[in-house]
Each structure stands twice: as C-alpha cells, then as structure tokens.
Amino acid sequence: MDSALVIGGTRFIGRHLVDDLLDHEYDVTIFNRGTHDDPFADDDRVDHVEGDRTNDTALEAAATTVDPDAVFDCVAYHPKDVRAATRIFGECESYVSVSSGAAYGREEIPKRETETPLEPCTAEQATDDSAETYGNRKAECDRAVFAAAEDGVRAMAVRPPIVYGPHDYTERLDWWIDRVNRFDRVVVPGDGTNVWHRVYVDDVASALRIVAEQGVAGEAYNVGDRRLVTLEEMVELIAESLATTVDVVHAGPRELAAGEIELDDYPLYREYPHVLSTAKLAALGWESTPLEEAMERAVDDHLESDRDGDENGPDREAEERVLGILETL
C-alpha cells in the first residue's frame, strides 16, 4: 500500500497517525470539515480534502479524487458512518475504523476480542450523541465492520482504551501531570491500586497502520500499553518524568466526603479494572513504546502547552479540606 486517506487527521489520534504514515512513506490525504487547526497546512506531503464525513456525497467525491489504498476512519461515531464508509471505500485494500475498549459489554479481565461480548445497541442508541451511549455506538460500529467484511470488504477495527500523549485535547492525564508538577502532596482516590488500561497515542497510530497492512478482514484488535500500571504507579511515573517527588495520600469515600468529592470525580479512576488483551495485535509484530519513554514525552508536551486539565477533576481547595481531615486522623 502506498496511499492513505485519513478521515479526521488533525486533532489527536489522527494527527499522530498521519505522522506515522508519513514516516512509512505513504502518500497521505486528510478528509475533514476544516473546523480545527490543521498541523499539516504547510506540509506539502499532506493533501487536504474538505468535507463532512456524514455527507455521503462528499465521501464519494473524496473516494474518486484520492482513490486511496488504505482508509483510516478516526471519527466514526455512529454505525451509519461505518456503513457508509465501508460501502464507499469497499474497493480499497483496507478500511480500518478506530473503535474503543468501551465497546465491550462485560466486565472481565482481560477483555479479549473473540471472547468478550460487545455492548448491545438499540436504534435509539445508534443515533444518540451522549457519552452514556458511546460504548453502545462503538460496538454497533464494529458490527458494521464485521458485516462489511462478510460482503468482501477488507474492513477491520482497532479498540484502544484511554489514549494519552502529546496533543491530548481531553486533558485527562494533564490533570494529573499538573497536580504532580504543582503540589508536594497528591491525593490518589482509594488505595491507589485501581487499573484502567491506557495506551500511548503513537502506539495507537502504529497499530492502525499495522492492522491495515497485516490484519485480517472482519477482525478487531485491542491496543494498549503492554505494561499496565496502577493509578498510584502512574503518578510516580509522572513524578519521575518531572524529576521530582511527591507524597501520595490515599483517600477513601469517607475522607473524600470532607471535600464533597467522590472517587469517580478523579480522571482515570475506575472501580473495576479495565484491561484489554493485546496479544492478538502483538502477534502482527506490533510493539508498544516503553512506558517511561511514553510518559516523558507526554509530560514534556504538557509543559510546553497551556493545558492543565482543570475541568476534569476536583479543585484543589476541596482536596485541601480532605488533606486537613487526614492530618487529624
């Protein structure tokens, strides 16, 4: 494969995917509405076709104009998006949809592509835009991928959990980096041992390319850091990247109540472990970035940005009330 069309391509996963494709000498075109800053505007290696991916006519025009070998769908949020794209790009060598670990419908450790069932999706959920139905919609998007493959399209899906790294507009990790960077004492909810699988954004990008090149039609592939860490270990990794130390303070529901905080008010906290098996992807030759290196890059990008993740978690004043209570115990 020599040419690629990236639907999206300017914000986070898509931006890193374009970089990865360029590094592997693909001719790259991005297709989007142009509503976000284009980091490739001055890069003559990247062509840009403007259009709304929910408009089938615009997608059909892009298919005719670009005629890509591989299509990467970074912004398929509804099943109809995938059904349209797999029809329009059905003659391409590969179509890869960015799915999500949220598509899984049962809590088990680890979640495996061929064993763990997906979320159900009603007709109403399929057209909804709320966060509550995100997993249902992604599951139905995957079923659309599988149906396309049954019709002869080389369509596949890649399922990441929480994605972190440079240019992360969600700012979930930024909240924690900001805490460690500014304070000597960092409140960690619960006992610090909870696990929510994460994945470095460059590794999602390489996974998408490798699946396009080597994946099997009709299959889904989990992607995630090959080394998992607890929330407390993540805080310690951030501190190491900042060349500092912090005093980690554990706080349970009773202590957090002093600041009117709940456990799940903290970003990247999840009561039940969310772990994806990545063996299927690794069998294709994919490897993840060493965790220390990935965190260092994420921290460096945070320090160069104006992101603080402030809207993602409790404010410091509320945490100070919690810390005050803990000091009296």
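The legends below describe close-up views of salt bridges and cavities in a predicted model. Residues are numbered from 1 along each chain as its sequence is written, and side-chain values use heavy atoms, without hydrogens or water. Local features need pLDDT of at least 70 and side-chain atom pairs count only at pLDDT 80 or more, whereas totals for chains, interfaces and linings use all residues.

**View 1. A salt bridge joins Arg-87 and Glu-60.** Side chains of opposite charge can pair when their charged atoms come close. A salt bridge here is a side-chain nitrogen of Lys or Arg within 4 Å of a carboxyl oxygen of Asp or Glu, and the structure holds 26 of them. In this pair the closest N and O atoms are 3.5 Å apart. Arg-87 belongs to helix 3 (residues 79-88) and Glu-60 to helix 2 (residues 56-66), 27 residues apart. Helices (H or I, at least four residues) and strands (E, at least two) are DSSP runs, numbered from the N terminus. Glu-60 has 33% relative accessibility and therefore counts as partly exposed; buried means under 20% relative accessible area, exposed over 50%, and partly exposed in between (1.4 Å probe, protein chains only).

**View 2. Arg-270 forms a salt bridge with Glu-107.** The closest N and O atoms are 2.8 Å apart. Arg-270 sits in the loop between helix 9 (253-256) and helix 10 (279-282), and Glu-107 in the loop between strand 5 (94-98) and helix 4 (123-126), so the pair ties together parts 163 residues apart in sequence. Glu-107 is partly exposed, at 39% relative accessible area.

**View 3. Arg-159 and Asp-142 meet in a salt bridge.** The N to O distance is 2.7 Å. Because Arg-159 lies in strand 6 (residues 155-159) and Asp-142 in helix 5 (residues 134-150), the pair ties together parts 17 residues apart in sequence. Both Arg-159 and Asp-142 are buried.

**View 4. The largest cavity holds about 90 Å³ of space.** A cavity is a set of points, on a 1 Å grid over the protein atoms alone, where a 1.4 Å probe fits but cannot get out; lining residues have an atom within 4 Å of a point. The lining has 13 residues, and Tyr-164, Arg-198, Asp-225, Val-229 and Leu-291 lie nearest the centre of the cavity.

**View 5. The second largest cavity holds about 40 Å³ of space.** Its lining includes Tyr-164, Gly-165, Asp-168 and Arg-307. Helix 6 (residues 172-182) gives the largest share of this lining, three residues.

Note on methods:
1 Å grid on protein atoms, 1.4 Å probe; cavity = no way out; pocket = protein on both sides within 12 Å on 5 of 7 lines; lining within 4 Å. Points joined across faces, edges and corners; volume = space filled by probe spheres on them.
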